[in-house]
Protein chains: 2
Amino acid sequence: MALIVQKFGGTSVGNIERIQAVADRVLATRAAGHDVVVVVSAMSGETDRLLKLAREIDSQPHPRELDTLLSTGEQVTIALLAMALHRKGQAAVSLTGSQVPIETDSAHNKARIERIDGTRLRSALAAGQVVIVAGFQGINPHGDITTLGRGGSDTTAVALAAALQADECAIYTDVDGIYTTDPRVESKARRLDRITYEEMLEMASLGAKVLQTRSVEFAMNYRVPVRVLSSFANGPGTLVTSEENCMEAPRVSGIAFSRNEAKITVVAVPDRPGIASAILGPISAANINVDVILQNISEDGKTDFTFTVERNDFERAMGILRDVAHELGAEDVRGDTGIVKVSAVGVGMRSHAGIAASMFAALAQENINIQMISTSEIKISVVIAEKYLELAVRALHGAFGLEKAAS
Amino acid sequence: MALIVQKFGGTSVGNIERIQAVADRVLATRAAGHDVVVVVSAMSGETDRLLKLAREIDSQPHPRELDTLLSTGEQVTIALLAMALHRKGQAAVSLTGSQVPIETDSAHNKARIERIDGTRLRSALAAGQVVIVAGFQGINPHGDITTLGRGGSDTTAVALAAALQADECAIYTDVDGIYTTDPRVESKARRLDRITYEEMLEMASLGAKVLQTRSVEFAMNYRVPVRVLSSFANGPGTLVTSEENCMEAPRVSGIAFSRNEAKITVVAVPDRPGIASAILGPISAANINVDVILQNISEDGKTDFTFTVERNDFERAMGILRDVAHELGAEDVRGDTGIVKVSAVGVGMRSHAGIAASMFAALAQENINIQMISTSEIKISVVIAEKYLELAVRALHGAFGLEKAAS
């Protein structure tokens, strides 16, 4: 007998029929002899409906009151799921974030979980009840309702699994696991049986939106085994776990990519100490994240300084830089939104040499020009023209043999 | 400077525009120098929407979970109203039933308020905040969310006013006060400046649906001055208060009526001790309320036994009685849904003789046949054929001079 935390997102509880299906899945887990804690999100569309009401009043709604408003979305779902389980003969009890309690800091709209008191949960489980917890929400030291920010239900599930020392945290989504790359781009993409926390973090931050980055960090810190599975089909999914549990890590586990990229070049800026900070300081002050950075070799005391930002921050960043470039005596500021980032991710890179060389060779063979390169211990990213995205992903997927299961 | 509790029902907060109007009304009260606690219901339609979701799962939803579900309706409104006040520059804080806390018993779906801790409310008021409380909900000793049943927001408002020793509890509705009778029936109906708790209770139980009966009982027990006013117009409304504050009580304050009546006669039942209990016992066991009761004088050891029930209980009551009547050896059971009850209400009756005589004379003059009579200390009711309803109401309104302000 194990203790399983199961999390179902908004699409999985999007209507009464789907809530009934979730109840059946919980019953099946109970029938297999396990204790179950369920975490649910708001029914799909509900959070947007509530946000729309708030924004009719104030484009920047009062943060405390916004949390009080939005938290009702999950509260509706927990009550409906508990009713469905009762109707099917299974004792169940719903708990809001404040009833658990899930204690957070006071950063409304993006609170961090500080402590979970598992007493009430454990006694409910001991009494044979399925416990249904509202995701995404908690309570601060003043008794105010807080929310963890979008996608926070994943974090709630992982944090509960950590607090209860659950055997597994199962995240049900609309995909049946983590793939070697996006199957819509490369039909040979293959579901991974296992992936390490570190790889999952890189994949998530690179645009594979299956798991919230913060929930993966949490799982990694507390060593919670997380399984990503489909709400709508059966299958083993993908287990996200520590490296020790991924016995034969392949060199590369997956090819991730992001279209949400734009490139900015400050042309022929005088090359002197402090130039990078003079350019990037105002960008960072405007809360714009900079990703890949490249500074060309200086010629005649002038250099080109290039970096990437998220595409929806592009116009803002260009506006800021036109002023900055003028002050710095740069010749021009050029922008390009026609670029993407493609990355090879794998903890096996640490112990295998030559991954970068293989990657560049595969791209060269397809005549794909690499504009920028960025590496980390378990990831190599290249910035290329957007038109080459599919070609590059397929070339790399093939070059690292990802269509075949790891040997 | 006074402390005013203001309660706004579902229609008054039915959309964002109306919530803004409520915010303006609160601001005006603040501008007049008063402290304000606001109690709001769910936006109109919201409770029905949630109930419909629950009933798609279970026609008899689990009571604890139903309360968790329904309480979200008011939670949405308090957050939106608090945002609107903040937007208009007024400090405000929303509190759910559990945040106040409003402590109730554990009777889910029809809980009773047991205690209100006013500490948090008082400190928020002292800090210059408007406090917005979710109506209709509370928390039981186990920390479970409870609801007070439909219309419970009135009770929340009155209970808060009692706990905080507020100077007045203002109930904003879609009418501008309590009238001498329904203006749709008698255009000469007049708004009353004052009415006693006792009269209001009789009016409410007779079908004048402006205030929940339980909230009036609560106000009477704790001597809370309640003012009924319109959300959509300005005006003094009607003050519901104790008899001492209604200096010159008129003999009759109003004419109430109810169409929700049906009459049942058990014909020629053997007249022996215990017959009333034999007939009414099974009715009461089926949770059907019996109102006016009439037992004819016995002839030949047989009697007719007549009583009224609410019209929507009529079919059920008839079904039960057909069996009972057979066992008791009665000749027949006859039903009539074409009747109504018309009542004259007034605390002045206590000290004025002859009210009943005036009432019967006024009806006789219009040739209206009285089928049953029921009296209490401050009320005389008659059961008549439904077709005479308007005629009877107008005749009595005129006979007691209600079109003129009390002298």
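Colleague: Buried means under 20% relative accessible area, exposed over 50%, and partly exposed in between (1.4 Å probe, protein chains only). Which is A:Asn367, buried or exposed?

Modeller: Exposed: A:Asn367 has 63% relative accessibility. Some ground rules before we go on. This is a predicted model, where local features need pLDDT of at least 70 and side-chain atom pairs count only at pLDDT 80 or more, while totals for chains, interfaces and linings use all residues. Residues are numbered from 1 along each chain as its sequence is written, chains are lettered from A and ligands numbered from 1 in written order, and side-chain values use heavy atoms, with hydrogens and water left out.

Colleague: Fine. Where is A:Asn367 found?

Modeller: A:Asn367 is in the loop between helix H10 (355-365) and strand S19 (372-376) of chain A. Helices (H or I, at least four residues) and strands (E, at least two) are DSSP runs, numbered from the N terminus. A:Asn367 also has a positive phi of about 60 degrees, although it is not a glycine.

Colleague: What about A:Asn287, what is its phi?

Modeller: Positive, about 65 degrees, and A:Asn287 is not a glycine. A:Asn287 sits in the loop between helix H8 (275-285) and strand S15 (290-295) of chain A. It is exposed, at 68% relative accessible area.

Colleague: New topic. Which residues does UniProt list for "binding site"?

Modeller: The unreviewed UniProt entry lists A:Thr47 and A:Glu74. They span 28 residues in sequence, but no two of their C-alpha atoms are more than 8.9 Å apart, so they gather at one spot. UniProt positions are in the numbering used here, feature names are shortened, and annotations may be inferred rather than shown by experiment.

Colleague: Is A:Glu74 buried or exposed?

Modeller: Buried, at 3% relative accessibility. A:Glu74 lies in helix H3 of chain A. A:Thr47 is in helix H2 (residues 46-57) of chain A, and A:Thr47 is buried too, at 16%.

Colleague: What is A:Glu74 in contact with?

Modeller: Contact means heavy atoms within 4.5 Å. Leaving aside neighbours within four places in sequence, the partners of A:Glu74 include A:Thr47, A:Ser41, A:Phe136 and A:Gln137.

Colleague: Helix packing next. How do the axes of H1 and H3 of chain A cross?

Modeller: H1 (residues 16-31) and H3 (residues 63-87) of chain A cross at roughly 60 degrees, with axes coming within 9 Å. Axes are lines fitted to C-alpha atoms, for helices over the stretch in contact, and angles run from 0 to 180 degrees between N-to-C directions. H1(A) and H3(A) are therefore oblique to each other. Under 35 degrees counts as roughly parallel, over 145 as roughly antiparallel, 65 to 115 as roughly perpendicular, and the rest as oblique.

Colleague: Which residues of H1(A) and H3(A) make the contact?

Modeller: Among them are A:Ile19, A:Ala23 and A:Leu27 of H1(A), and A:Leu81 and A:Leu85 of H3(A). By class, this contact has 10 nonpolar, one polar and no charged residues. Ala, Val, Leu, Ile, Met, Phe, Trp, Tyr, Cys and Pro count as nonpolar, Asp, Glu, Lys and Arg as charged, and the others, Gly among them, as polar.

Colleague: And chain B, at what angle do H2 and H3 cross?

Modeller: Roughly 155 degrees, with the axes of H2 and H3 of chain B coming within 9 Å. That makes H2(B) roughly antiparallel to H3(B).

Colleague: Last one. Which residues does a cis peptide bond join in chain A?

Modeller: A:Val100 and A:Pro101, with omega about -10 degrees. In chain B, a cis bond joins B:Val100 and B:Pro101, with omega about -15 degrees.
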